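I opened this entry to keep track of what I looked up. The notes follow the order in which I checked things.

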Amino acid sequence: MIQILKPGNSVKHSSRRRRSAGFTLIEIMVVVIVLAVLAATIIPQFIGTTSDAKISASKAHIAELESALERFYVQMDRYPTASEGLQVLVDAPAGDAQKWRGPYVKQLRPDPWGHPYQYKKPGTHHPAGFDLWSRGSDDAEGGEGPAADIGNW
């Protein structure tokens, strides 16, 4: 290919322009390092978000079940027995099917960790009523942090 040189242009100038058209390896490495530093500072902030979301979902489920238990109480004049448990919110009890106006919830969902919600009548925290709780991520009584029990108390 024949290059026609105009006044002021030289072969050096056009070859320099060709070399500077791309990024050098050092420039790309600097960008990658900057992105890695940004990711290292931002990602740890989102790690606890999943745990917080599960705790919030569990509190919302407990409030929903508590409301359904109160509707059951208004219509049946009693809370479910310990043997009936929460299943009575979905299926009519054996002896009181005429008074039952359910289902009070569409389905009994497990807590966000996949464990069933716990129900106790009379409750330890509410002796005149009931206790309703999730055992948290460890599915054991007590615990701290995300493993702590979440209840209606």
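I began with leucine 86, which touches Leu65, Leu69, Leu108, Tyr117, Tyr119 and Leu132, leaving out residues up to four places away in sequence; contact means heavy atoms within 4.5 Å. The model is predicted, so local features need pLDDT of at least 70, side-chain atom pairs count only at pLDDT 80 or more, and totals for chains, interfaces and linings use all residues. Residues are numbered from 1 along each chain as its sequence is written, and side-chain values use heavy atoms, with hydrogens and water left out.

I then looked up the largest nonpolar core, which has 21 residues, and Leu86, Leu89 and Leu132 have the most contacts inside it. Such a core is a set of buried Ala, Val, Leu, Ile, Met, Phe, Trp, Tyr and Cys residues joined through side-chain atoms within 4.5 Å. Helix α3 (residues 49-76) gives the most to this core, seven residues. Helices (H or I, at least four residues) and strands (E, at least two) are DSSP runs, numbered from the N terminus.

**Strand β2**

I noted that strand β2 (residues 131-134) is covered on both faces, with Asp131 and Trp133 buried on one side and Leu132 and Ser134 buried on the other. Buried means under 20% relative accessible area, exposed over 50%, partly exposed in between (1.4 Å probe, protein chains only).

I found three bridges between β2 and strand β1 (residues 118-120), in the antiparallel sense; strands pair if DSSP finds at least two bridges between them. Lysine 120 has aspartate 131 as its bridge partner in β2.
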